[in-house]
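I wrote each entry as I went.

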Protein chains: 2
Amino acid sequence: MTLFAQKSSSISSPNKQIILKVTVAENGSLSYQVSYKNKTIIEPSTLGFALKRPEIMLNKFQLIGVDSSSVDETWKPVWGEVSSIRNNYKQLIVKVKDKSKFENLLNIVFRVFDDGVGFRYEFPQETAIKHFIIKDELTQFNLAGNHKTFWIPGDYDTNEYLYNTTKLSEIDALKAAKKETDIAFQAVIGANTVQTPLMMKTADGVYINIHEAALLNYPAMNITLDKATFTFTSHLVPDAVGNKAYLQAPFQTPWRTIVVSDKATEILSSKLILNLNEPSKITDVSWIKPQKFIGMWWEMHVGKSNWYLEGGKHGANTENVKKYIDYAAKHGFDGVLVEGWNEGWEDWFGNWKENVFDFVTPYSDYNIDELTAYAKAKGIKIIMHHETSGSATNYERHFDKAYKFMQDHNMNTVKTGYVGRIIPRGEHHDSQWMVNHYQRVAEKTAEYKIMVEAHEPVHPTGLHRTYPNWLANEAARGNEFNNAPNLGLVPEHETILPFTRLMGGPMDYTPGFFHFQLNQYDASRSTRVKTTLAKQLALYVTMYSPLQMAGDFPENFDKHLDAFQFIKDVPVDWDDTKVLEAEPGDFITIARKQKGKENWFIGAITDENARTTTLKLDFLEENTRYEAIIYQDAADADWKTKPEAYKIEKKIVTKKDILNLSLAKGGGCAISLMKM
Amino acid sequence: MTLFAQKSSSISSPNKQIILKVTVAENGSLSYQVSYKNKTIIEPSTLGFALKRPEIMLNKFQLIGVDSSSVDETWKPVWGEVSSIRNNYKQLIVKVKDKSKFENLLNIVFRVFDDGVGFRYEFPQETAIKHFIIKDELTQFNLAGNHKTFWIPGDYDTNEYLYNTTKLSEIDALKAAKKETDIAFQAVIGANTVQTPLMMKTADGVYINIHEAALLNYPAMNITLDKATFTFTSHLVPDAVGNKAYLQAPFQTPWRTIVVSDKATEILSSKLILNLNEPSKITDVSWIKPQKFIGMWWEMHVGKSNWYLEGGKHGANTENVKKYIDYAAKHGFDGVLVEGWNEGWEDWFGNWKENVFDFVTPYSDYNIDELTAYAKAKGIKIIMHHETSGSATNYERHFDKAYKFMQDHNMNTVKTGYVGRIIPRGEHHDSQWMVNHYQRVAEKTAEYKIMVEAHEPVHPTGLHRTYPNWLANEAARGNEFNNAPNLGLVPEHETILPFTRLMGGPMDYTPGFFHFQLNQYDASRSTRVKTTLAKQLALYVTMYSPLQMAGDFPENFDKHLDAFQFIKDVPVDWDDTKVLEAEPGDFITIARKQKGKENWFIGAITDENARTTTLKLDFLEENTRYEAIIYQDAADADWKTKPEAYKIEKKIVTKKDILNLSLAKGGGCAISLMKM
């Protein structure tokens, strides 16, 4: 760290490849810039806030000091892609006093890792204004070129968009959002505003990802592009009266993160966001278990049954759920998700109604006591479903009774849902109040030793480190959009998600669809799954999650039991992960080593283009033989014309082997490598 | 009831003095009008709604039928001013279909009593639109003249205004609100908008009161005056996004009430609003008890101590509370209110902060277990205080733990408080969400057999009939405003409150101040109590409540133990009530008969003018002698110069006696009549 005369400080990453420079200019403006391998990644970008109360700008500062330090430590996640994570960074704390009459103190904490930069604002205990309201955060990300960008429209309420791939200059979020008629409720921000994680690639092959870490007690960040300068500025999600955040010193904002590498694979391996989150707040984690489940869910989506009791097609009836329990037990799954089990479904969708569900009243044809006993006898956990209808106030009023009810019925995992407009009315899925709500859910479920995954929440930011019972989230367009009638999904989608949505944490993507024409129960549907069957298998490896569903339903699995074997075998917790090859929008190949065992599993996927690739198995152990089962697209497979065409090959391999894989259009390949 | 050719229907009150006429005009507009003793009280006034979703007007109708019926029944309140109440009315249900494409069904239910009219809208189960959002209610009250009016400014968040007395044409709510610098947070609506209960008097001596009854799942009504026609139109309190109410058929709005009489005393005796509320939803009411209490409260207001632990003047410490418990036991009170007992007070006022109090964590100097045992041994109940800081969401999250905590500590009454801006942010004290919140509090406390009184809530509307555990509310400028530095209180205030605020239900006015210069503990204060001491006593009779505080603190009571005897004697529950004389803004004299006993108590108060009056005791029982103790202003008493001057006279009286009373300026007289 060097303190220059012009009041600049700089630090570099442990490997010296990233250099961060922070400057307080004569006029008081505070900026940072980032280079990677001598290339400018972030041009000078200013920092600060506009406050609503008191109504002042916090963007002209006087430097009062800098602290630097470094950390190199290793920690073990409760579950994850790897068994231990190195946290190695140089830290620079820039301490400033703002030039308003209040002379507020503000620290900006920068951490520079080998794989990127994180920084956040700290309002220290001693700052002048104790209670304050954020009107706008003024953080800039001034990019050095017109990069190729993978983006979705900025939105206060939904992140379930299809990704757009354009140059920065071609971003048009309004136009993109307008096409998204599959999304029931949007709150789009503007033509130049996009969501994070935002993935970019420079003309000379550097990958840059912008996001945030440890989003707590603060609204989510969208970012707005100035196309004249390729500068993004943070745009926080407002509350009901247009304010962004109500804060009290001491306070630390979420980290703003910039992950950077000239290898796409290193973007996917980055643990920067996890490293910027706090360690687990839960001390006894013995009850937290990654898990694999099937569920009463996709049969509703495709019209075989429905969530409602009215209409005579109620899926979640006692007999039907027993069949799922039987099937889960027979095939070694941990749980069965049951949607539509409780009263209220007839009367909520789109109504912005506060008191819909009470989370404890089963439909009359759902014998919960009988099913509790039945599931227990079979060694299966029923996964609770708490659809909140977006009414978070109502859900919070029922927290204790709902979680007690789960305990009483031998359930320890809940899928929450936030479909519809949020109540408190005027709040958004991504505003501070709801960010606090999701945290309350994580904390309250932990009190009851319940694991949770949220659907339709704010984008994840690595909080599963701090709350390891918060296993996964949806928070993006999931596999279910294969059944959406308009834009739906596209074959490249799963090659982008790990570079965007998954940067923040695991996704409940619900792979494992084994039937592709979705008119099986409703001839009027023209929707279809946009992958091959082999790709559905590969997703269990390429889309990391400690909570994996086998999305389809038993009668479809039964048609392909040989392929289903991969889903039965694939673990949900890992000791190691090797991202073998990756290019956002094109392909991803990942190998992972099973937790506590010597078995490896490989997933390889491609976009709409067929692809051949050669995998060196040199990551395997020396002098060890593995039985490889290779689940791959058949020669004539094609997501559009012949998605079910797959072949399964078994052979013995060692680390000296090379596998030549052929992936069909929209295809993939899944491989299990069992130590012999 | 007669159905005219021009589609008009009319009904009259049981005594025929009030006639209501409802007309559906050729153009579809629906209106009602009211006459009393052949005088027009309400000129033709239209009815209807503007909806936000679907975006249509519901104000042009086709008449599809009328139903008429009558009821004459008597019911017994759990507690009250009288032991039984007659509910005697003629009912007219006007059934219409709206002329929008939806052809919504709507019923308007009118009930005509001898003391006024109530009507409400019903959206029947069969109506076309099941879920709808109210943009505006279009109910009119078209008055027949430029009446004398007792009003406070329309406001979404506070009803703690001083009353203004002007002609309708002279209402200027903005100007009045601007003077109200004693109120920390206002949300004034407009120059011509005022709150209900609104009290009026016509030039020829008819008293008219407009309010609402049974305000449930709907925002409070303010009313906006068109000065050209003296027509008020309802103005509902909006939510965070500007909508008024989210409803689902079947739904009934609150009743709109018009109480009318040419005798002011009959306005005060009216049970119309209670009669329009539903019977008790609580079946076992054995645990609900009217009560009288003292409390640790006024000593904070006058600066003897404070709510905060910081600063060394914390009132609610163990020793101090024991002294109150001792005093309550010695003088026969039921309870001791303790404010400032729990952590959080240092850090909330004005901060719009969500998570302040947890309602279960005492300050370190408050030994709750010791005090629980101490109070129990003395036969005293500690009254819980739940200041919510306006953060209703936070309170709701703590409901169960907070009420369980009360049970565990032998408490069964809670005073709630809503000081500050409401959270959910953008909601108001009087918006639909908060109306539902107060109901949730009433229902949740009932589950725990807890009685409740709310401070800073929406205006009461007779819901204490339905929720008899909801004993009282503040919801107006209380006795505490004697300590407010600016407008504060005025001597006429208590002669107006029974005609306005108390029409909706009991008020926790906290009478019983025995010291008048409020600079006892803080010489910088110039505030003073604006009554005589005798008037403070009389308020226990004139301001009906089943929950009465003796507002001052022990050392001040001890200076006037002879006068304090009246507070000790006066009951809080009654078998009968006679309003002997009354004129809003001038004077009130009321006699009440103790519940289950033959004793009577009389309160007489005046405004800033001295007053002599003659009371006939002919309401007393035949052939019975009573020991009368007359607590009255001394000859030289004056609220401004000699408020403590009182004299106490004892004599034997019978129903043949006449008492000549002299009330000082700002004075009063209290009389106990104990059967001998």
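Which residues form one aromatic cluster with A:Trp307? I found A:Trp345, A:Trp348, A:Phe349, A:Phe357, A:Phe359, A:Tyr395, A:Phe399, A:Tyr403 and A:Tyr448 in that cluster. I note here that the model is predicted.

Entry on aromatic pairs. I looked up the total over all chains, and it is 76. One of these pairs is B:Tyr395 with B:Phe399, and its geometry is edge-to-face. I wrote down 5.1 Å from centre to centre and 80 degrees between the planes. I then checked where the two residues lie: both are in helix α7 of chain B, which covers residues 392-408. They are 4 residues apart there, about one turn of the helix.

B:Phe399 counts as buried because its value is 3%.

Entry on charges over rings. In chain B, B:Arg421 lies over the face of B:Trp352, and the distance to the ring centre is 3.8 Å.

Entry on B:Leu268. I located this residue in helix α2 of chain B, residues 264-269. B:Leu268 counts as buried because its relative accessibility is 11%, and the cut-off is under 20%. What does B:Leu268 touch, leaving out residues up to four places away in sequence? I listed B:Pro498, B:Phe499, B:Val579, B:Ala582 and B:Ile588. I also looked up B:Thr500, which is 232 residues from B:Leu268 along the chain. Their C-alpha atoms are separated by 9.5 Å.

How values were computed
Residues numbered from 1 in each chain as written. Chains lettered and ligands numbered in written order. Predicted model: local features only at pLDDT ≥ 70, side-chain atom pairs only at ≥ 80, totals over all residues. Heavy atoms only, no water. Buried < 20%, exposed > 50% of the residue type's maximum accessible area, 1.4 Å probe, protein only. Contact = heavy atoms within 4.5 Å. Phe/Tyr/Trp six-rings, centres within 6.5 Å; stacked < 30°, edge-to-face > 60°. Lys NZ or Arg CZ within 6 Å of the ring centre and 35° of its normal.
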